[in-house]
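This briefing reviews selected side-chain features of a single structure, grouped by topic. The sequence and the coordinates are shown below.

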Amino acid sequence: QVQLVETGGGLVQTGGSLRLSCAASGRTDSNSAMGWFRRAPGKEGKEREFVAAIHRSGLTKYYPDSVKGRFIISKDNAKNTVSLQMNSLKPEDTAVYYCALSRSTRWYRGSTEDYEYWGQGTQVTVSS
């Protein structure tokens, strides 16, 4: 089993920054990648939106156009954590952010189908 715990959410003004962290524990040795997803308010019935992903080596990262150039995903293998640095935040970034772990070879697709374990989520609110 794998446990993922996110921290670092909060309230920030437009243009501000936040850093999210995800601590992984348990059987994480066979993972392919880690990722971040989000679900905006009013979209509880919809699939979570892909935000960023990083290969276990740390060498390959993927972002959707909506956050490219503003968000940076990184990992610390020694601490078994993955972080998401969010800069130039916009009100449309308001969402619950989830950390996820993939054991799939298709982790780079940004699909929730390829991620097996999920954290409980942390709220990010960007005020205008």
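Glutamate 6 is located in strand E1, which spans residues 2-7. The model is a predicted one.

**Glutamate 6**

- Although glutamate 6 is buried, it forms no salt bridge. Arginine 48 is the nearest side chain of opposite charge, at a distance of 7.0 Å; a salt bridge would require a separation within 4 Å.
- Two backbone nitrogens are reached by the glutamate 6 side chain: that of glutamine 120 at 3.1 Å and that of glycine 121 at 2.9 Å.
- Apart from neighbours within four places in sequence, the contacts of glutamate 6 include Gly119, Gln120, Gly121 and Thr122. Ser21, Trp36, Tyr97 and Tyr98 are also among its contacts.
- Glutamate 6 is in contact with both Cys22 and Cys99, the two residues that a disulfide joins.

**Disulfide**

- One disulfide is found in a search of the whole structure. This bond joins cysteine 22 to cysteine 99, with an S to S distance of 2.1 Å.
- The link between cysteine 22 and cysteine 99 is left-handed, with -80° about the S-S bond.
- Because cysteine 22 belongs to strand E3 (residues 18-26) and cysteine 99 to strand E9 (residues 95-102), the pair ties together parts that lie 77 residues apart in sequence.
- Cysteine 22 counts as buried because its relative accessibility is 1%. Cysteine 99 is likewise buried, with a relative accessible area of 0%; the cut-off for this class is under 20%.

**Aromatic pairs**

- Seven aromatic pairs are found across the whole structure.
- Tyrosine 62 counts as partly exposed because its relative accessibility is 36%. Tyrosine 108 is also partly exposed, at a relative accessible area of 41%.
- Ring pairs also link Phe37, Phe50, Tyr115 and Trp118 into a cluster.

Key: Residues numbered from 1 in each chain as written. Predicted model: local features only at pLDDT ≥ 70, side-chain atom pairs only at ≥ 80, totals over all residues. Heavy atoms only, no water. Helix = DSSP H or I, 4+ residues; strand = E, 2+ residues; numbered from the N terminus. Buried < 20%, exposed > 50% of the residue type's maximum accessible area, 1.4 Å probe, protein only. Lys, Arg positive; Asp, Glu negative; His and termini not counted. Polar contact = N/O pair within 3.5 Å; in protein donor to acceptor, adjacent residues only side chain to side chain. Contact = heavy atoms within 4.5 Å. Disulfide = S-S within 2.5 Å. Phe/Tyr/Trp six-rings, centres within 6.5 Å; stacked < 30°, edge-to-face > 60°.
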